[in-house]
Amino acid sequence: MYNTKAYSVASSTSPFARTTIARRDLTGRDVQIEILFCGICHSDLHLARNEWSGAMPAVYPCVPGHEIVGRVTKVGSGVTRFKPGDLVGVGCMVDSDRTCPECQAGLEQFCPNTTLTYNSPDKHLGGVTYGGYSESVVVDEHFVLRVPPGLDPAGAAPLLCAGITTYSPMRHWGVTKGKKVGVVGLGGLGHMGVKFAHAIGAHVVAFTRSPGKKEAALRLGADEAVVSRDADEMKRHAGSFDFILDAVAADHDVGAYIQLLRRDGNITLVGAPAKPLAVPAFGLLLGRRSLSGSPIGGIRETQEMLDFCGAHHITADVEVIPIQKVDEAYERLLRSDVRYRFSIDMASLR
Ligand code: NAP
Ligand code: ZN
């Protein structure tokens, strides 16, 4: 074991504080990573404040962070894919059982024994896993991703969660060139959804509550931007979408978007509001429309997404902050006052 600096919360209402956590000595399959940047996902906030107490109760102290980009500092004796100096990423998972049908299919996100990057039982050290708001992390090489050369590391960090979470359902639901795709909520996830749908060649419509984000949505690659509070603007798109990605972090009227789907269209929830959403049955059944959800993506697909980003020069739009500003960043995230992701510069922790 060795000690590393981190930022943690002691309870659902505590501010972040500097702390020291233990990381394991490397096993033969492990990669040790010096963390350069870690994105701030809205899930970090939900979890740190125990807003998901039903589905995923928080264990304190809690060190969030699952959008990690760093430099390999050391590898175990059996590691074949990485060497010191490599630029790598770690997302929401750090382990799984590797034997279940889901793992065999490369869908580790559905493994019943997956270990999340933070707040999951730690098989090696006991207690729970600690995430990327820290200096260094040790991860099994299977869960380490290669960051393509040429991508800015601060902007690449959010790809590890916001990127794969929006890329995966678009692939699953057959978003291709010429399809009409909606993206609801222009936050960390939503802005990545717009970038991917645009790069794939879809006709992209961004939905936002903020009139001020309209122009920005077009700059991100949206073909149209709709202020969701404007009923007339919404009506103009009724029955027309092949696919809608809903990336809203709070309670909202999902029925309004179901109405916008064409026959057999799908709306996928990637946002995870704490409270259940009201779903109008008629909205679904009249057009044989479907509503589904999607969590992150498997390791193979995460690498595919990163390589896609390398080929298309895609990264998140980030505001880089020192870790000392993480509490302030959470408050601003709640006000949707960030374009579009905070990325913590971990040099500020050293
Ligand atoms: P974020 O940056 O805060 O973005 C959420 C966006 O939702 C905001 O920018 C805002 O967009 C919109 N929004 C916020 N409050 C709203 C309200 N009351 N009504 C309508 N729209 C509202 O959050 P994020 O990091 O992108 O995460 C979004 C959600 O996805 C969170 O719940 C997070 O936990 C979840 N998530 C899920 C997965 C997964 O695997 N499925 C992975 C990561 C995150 P506008 O200002 O444009 O309206
Ligand atoms: Zn996340």
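H237 sits in the loop that runs between α7 (231-235) and β13 (241-246); helices (H or I, at least four residues) and strands (E, at least two) are DSSP runs, numbered from the N terminus. With a relative accessibility of 6%, H237 counts as buried, where buried means under 20% relative accessible area, exposed means over 50%, and partly exposed lies in between (1.4 Å probe, protein chains only). Setting aside neighbours within four places in sequence, H237 is in contact with K180, V205, E224, V226 and L260, contact being heavy atoms within 4.5 Å.

The model is predicted, with local features needing pLDDT of at least 70 and side-chain atom pairs counting only at pLDDT 80 or more, while totals for chains, interfaces and linings use all residues. Residues are numbered from 1 along each chain as its sequence is written, chains are lettered from A and ligands numbered from 1 in the order in which they are written, and side-chain values use heavy atoms, with hydrogens and water left out.

An N or O atom in the side chain of R341 is 2.6 Å from an oxygen atom of ligand 1. The backbone takes part as well: a backbone N or O atom of L186 lies 2.9 Å from an oxygen atom of ligand 1, and a backbone N or O atom of S294 lies 2.9 Å from a nitrogen atom of ligand 1. Taken alone, ligand 1 exposes 920 Å², of which the protein buries 89%; accessible areas come from the Shrake-Rupley method with a 1.4 Å probe, and for residues only the protein chains shown count as cover.

Helix α1 also contains A48. This residue is buried, at a relative accessible area of 2%. A48 and S12 are 36 residues apart in sequence, yet their C-alpha atoms are 5.9 Å apart in space. Beyond neighbours within four places in sequence, A48 is in contact with V9, S11, S12, Y60, C62, P64 and Y330.

The loop between α1 and β4 (68-75) holds P61, and the peptide bond from Y60 to P61 is cis, with omega near 0 degrees. N50 has its place in the loop between α1 and β4 too. Phi of N50 is near 55 degrees, a positive value in a residue other than glycine, and N50 counts as partly exposed at 25% relative accessibility. Another cis peptide bond runs from R339 to Y340, with omega near -10 degrees, and Y340 lies in the loop between α11 (326-334) and β17 (341-345).

Q109 is found in the loop between α2 (101-104) and β7 (115-116) and is buried, with a relative accessible area of 13%. A polar atom of the Q109 side chain lies 3.0 Å from the backbone nitrogen of G298. Apart from neighbours within four places in sequence, Q109 is in contact with M93, P295, I296, G297 and G298.

Finally, the largest nonpolar core has 91 residues, and I40, Y133 and F196 have the most contacts inside it. A nonpolar core is a set of buried Ala, Val, Leu, Ile, Met, Phe, Trp, Tyr and Cys residues joined through side-chain atoms within 4.5 Å. Leaving out neighbours within four places in sequence, F196 is in contact with G163, T166, Y167, M170, M305, F308, C309 and I314. A second, separate core of 16 residues includes V205, F207, M234 and L261.

How values were computed:
Polar contact = N/O pair within 3.5 Å; in protein donor to acceptor, adjacent residues only side chain to side chain.
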